[in-house]
Each structure stands twice: as structure tokens, then as C-alpha cells.
Amino acid sequence: MDGYFPLETGRRRTLKAAIGCVGIGLHSGKRVSLTLRPAEAGAGIRFRRTDLGVEIPALYDHVVDTRLCTALGLAEAPEVRVGTVEHVMAALAGCGVDDAIIELDGPEVPILDGSAAPFVFLIDCTGLVAQAGLGLPEAIEVLRPVQVQDGEGPDAAWAMLEPTGGDRLEASLTIDFPGTAIGRQSLEARISPREFRAELAEARTFTLAEEVARLRAAGLAQGGSLANAVVVDGPLVLNPGGLRQADEFVRHKLLDVVGDLALAGAPIRGRFSGHRSGHALNNRLLRALFADPANWRAVPSFTLPQALPAAEYVATRQPAMAVA
């Protein structure tokens with residue numbers, strides 16, 4: 001069976017119970033309390049600023065900033081935003097969570113160790129439940145190629161979505177940081193809960209040592225440290241424990257892709273390819289995908305028996321099954 005949670009596939013999944021943590025924001029440096037809460041079937045993923053009493057849907061068209069993170073906001077209230085959403089979004093998508101509320105009392109998701117693994121741990125601690133009712137999970141099937149690009153020539157950064165006919169997101173990414181310990185790295189993955197956990201979840205965010213002062217002068221990376229980011233100085237990795245994987249850098253960038261594409265509002269069926277893609281291009285790619293209805297369609301995220309219409313199929317399903 002492909003996937004980590006043996007839940008029945010015909011129902012939407014949410015968390016069994018609320019669970020939380022406390023940390024600091026990577027860019028704000030502020031202490032933040034975060035709680036993951038269950039949500040009703042069909043609610044999707046939403047961020048709730050408890051200090052402001054406002055909710056922000058976790059959707060691509062609510063992205064208001066992509067400088068070194070993905071930040072969500074409200075067009076009618078520019079002061080309301082939530083930054084660095086990509087790691088918790090990747091964890092929820094990678095673990096197969098359809099509906100959840102992410103509560104926090106500040107402007108940024110805590111960075112924790114710089115990866116998605118702490119959020120996966122929280123999800124594991126509370127467990128998932130398949131929801132009763134007729135709220136069926138959907139997927140976004142890519143119907144034709146969509147590409148966005150930044151720059152010209154062979155070094156241009158680009159990102160693409162293509163149809164595959166498969167039932168999951170397939171992804172490949174290449175990054176290139178010449179003259180550093182990062183170098184050129186490539187990775188391919190088929191994004192299932194099992195593969196997300198094994199290949200991507202533990203990969204940490206990273207930066208170049210010469211960029212740290214510039215970032216802090218711009219008001220960014222105020223909470224950054226060797227405890228929550230890999231820092232590279234030319235050919236050297238400055239973290240005392242070194243890397244978790246030799247290609248941890250491209251693994252983290254692909255983790256970011258999973259989190260950014262989760263803002264589609266449903267799992268994507270198709271193939272993502274990218275070269276030097278980051279948060280800005282990932283968001284532009286989703287906007288380009290949804291700009292034309294001919295590019296995509298919503299489909300059930302599981303395969304129905306051909307002899308049964310959807311309504312009859314749902315009626316035959318067993319009661320919701322919870323898995324710790």
C-alpha cells in the first residue's frame with residue numbers, strides 16, 4: 001500500500017485532536033504559539049490569527065509575499081498576514097491532511113528546527129481521522145503543460161506542471177549554487193506520505209553566510225541560527241553536526257515545493273519540474289495553472305468502481321476509521 005496512514009481513501013482526513021508547540025519566527029524573531037486543530041469536512045486548511053481574531057485561507061491567491069518564505073494575507077486588511085507557512089503546509093500535505101485549522105498568536109509560523117519534521121511529529125502524536133459524511137476529497141488534475149520562467153538563457157529559473165495520468169504529484173528539481181558546499185544537486189520524488197517522510201521531511205532550510213548580514217539589515221532572519229538553518233560559507237557547512245543528508249539542500253527546496261503547491265487547495269495530480277525554482281516561481285506557477293480552466297480539472301482523489309455512481313459509492317463505504 002502506497003502511503004503511511006491506512007485510512008479509507010473515500011473520506012476527507014483531519015486531525016484526531018488539537019496539538020500545539022511554541023517556537024520563534026525565522027524572520028520576525030518573535031515567540032509564537034501554534035496549535036493544529038481538527039476542522040470539519042470540506043473546510044480545507046486555514047490559518048487563524050488568535051491575536052487578531054482573523055482567519056486566512058491557505059490558498060495560492062492569498063499569497064502576499066515570497067521573499068525567502070511564503071506569506072499569506074488578506075487583500076482587504078494588508079496588516080493581517082502569516083509568514084513562513086511552507087513547512088507546516090508541506091507537513092499537512094505530505095501526511096495527507098485535507099482539513100485543519102492552524103492557530104497562531106503571532107505573524108509567523110515558528111521555524112522550529114528549520115524542517116517539516118517537527119510538524120510531522122505533531123501530526124503523528126495526535127493522529128488522523130477519516131471524517132464521516134459526504135465530504136469527498138478532491139484532487140487537481142493537470143490537463144496540459146503550464147510553465148513560468150524568470151530570466152533568459154540556460155541559467156534561467158523555471159517551473160512547470162505537466163499531466164501524467166498518475167494519481168499523485170511527481171516532482172523533480174535542480175538547484176545550482178556554484179562555488180559553495182551546495183553545488184549543483186538534483187532530486188526526483190513521487191510525493192506519497194511514505195516518501196515525503198523518508199526523503200523530504202527532515203531537510204532543513206539553508207542560507208549563505210555572506211547573506212546573513214544583508215538579510216538582518218532588511219529586517220529578515222531575525223530568529224535565524226544554526227539551530228534552525230544550515231549555514232554555508234563557501235565550501236564549508238558551519239553547523240557543528242553537519243548535514244542530515246549529503247543533498248539536504250535540494251531536498252529542502254523540494255519540501256518547499258510541496259508546501260507551496262499545497263496552496264492549490266487540493267492535492268495536485270501531475271508532474272512538477274523545476275530549475276532553481278523558489279517561492280515566487282512556485283506561486284506564479286499555481287496562478288498560471290488556475291488562470292485558464294482548460295489547464296486543470298477537479299477529480300475525486302481516489303478511484304471509484306466504474307459500476308457505481310459517486311453517491312452510491314459513498315453510501316457503501318464503512319463508517320469512518322481512525323488511525324493513531
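Author: Start with one side chain, and keep in mind that this is a predicted model. Phe177 has a relative accessible area of 25%, so Phe177 is partly exposed; the partly exposed class lies between the buried limit of 20% and the exposed limit of 50%.

Reader: Which aromatic residue pairs with Phe177, and how is such a pair read?

Author: A pair of aromatic rings is described by how far apart the centres lie and by the angle of the planes. Here the partner of Phe177 is Phe206, with 5.7 Å centre to centre and 75° between the planes, an edge-to-face pair. Phe177 belongs to strand β14 (residues 169-177) and Phe206 to strand β16 (residues 206-208), so the pair links distant parts of the chain, 29 residues apart.

Reader: Is Phe206 buried or exposed?

Author: Phe206 is buried, because its relative accessible area is 14%. The ring of Phe206 also pairs with that of Phe249: the centres are 5.1 Å apart and the planes are at 85°, so this pair is edge-to-face. Since Phe206 lies in strand β16 and Phe249 in helix α5, the pair ties together parts 43 residues apart in sequence. Phe249 is buried, with a relative accessible area of 1%.

Reader: How many aromatic pairs are found in the whole structure?

Author: A search of the whole structure gives four aromatic pairs. Ring pairs also join Tyr60, Phe290 and Trp296 into a cluster.

Reader: Helix α5 came up with Phe249. At what angle do α1 and α5 pack?

Author: Two packed helices are described by the angle between their axes and the distance between the axes. Helix α1 (residues 86-95) and helix α5 (residues 248-261) pack at about 75°, and their axes are 7 Å apart. The two helices α1 and α5 are therefore roughly perpendicular to each other, as the range for that word is 65 to 115 degrees. On the α1 side the contact is made by Glu86, His87, Met89, Ala90 and Ala93, and on the α5 side by His252, Leu255, Asp256, Val258, Gly259 and Asp260. Sorted by class, the contact of α1 with α5 has five nonpolar, three polar and three charged residues.

Reader: Now the strands. In what order do the strands of the open sheet of three run?

Author: Strands of a sheet pair through backbone hydrogen bonds, in a parallel or an antiparallel way. The open sheet has the order β6-β7-β8, and its pairing is antiparallel. Its edge strands, β6 (63-65) and β8 (77-82), each pair on one side only. From one strand to the next the twist averages 50°. Between β6 and β7 (residues 71-74) there are two bridges, and Val63 stands opposite Leu72 in β7.

Reader: Why is strand β11 called largely enclosed by the rest of the structure?

Author: Strand β11 (residues 138-142) has five residues and four of them are buried, so the rest of the structure largely encloses β11.

Reader: In what sense does β11 pair with β20, and in what sense with β19?

Author: With β20 (residues 296-300), β11 pairs in the antiparallel sense over five bridges. The bridge partner of Glu141 in β20 is Arg297. With β19 (residues 268-275), β11 pairs in the parallel sense over two bridges. There Ile140 stands opposite Ile268 in β19.

Definitions and conventions
Residues numbered from 1 in each chain as written. Predicted model: local features only at pLDDT ≥ 70, side-chain atom pairs only at ≥ 80, totals over all residues. Heavy atoms only, no water. Axes fitted to C-alpha atoms, helices over the stretch in contact; angles between N-to-C directions. Helix = DSSP H or I, 4+ residues; strand = E, 2+ residues; numbered from the N terminus. Parallel < 35°, antiparallel > 145°, perpendicular 65-115°, else oblique. Contact = heavy atoms within 4.5 Å. Nonpolar A, V, L, I, M, F, W, Y, C, P; charged D, E, K, R; others polar. Pairing = 2+ DSSP bridges. Buried < 20%, exposed > 50% of the residue type's maximum accessible area, 1.4 Å probe, protein only. Phe/Tyr/Trp six-rings, centres within 6.5 Å; stacked < 30°, edge-to-face > 60°.
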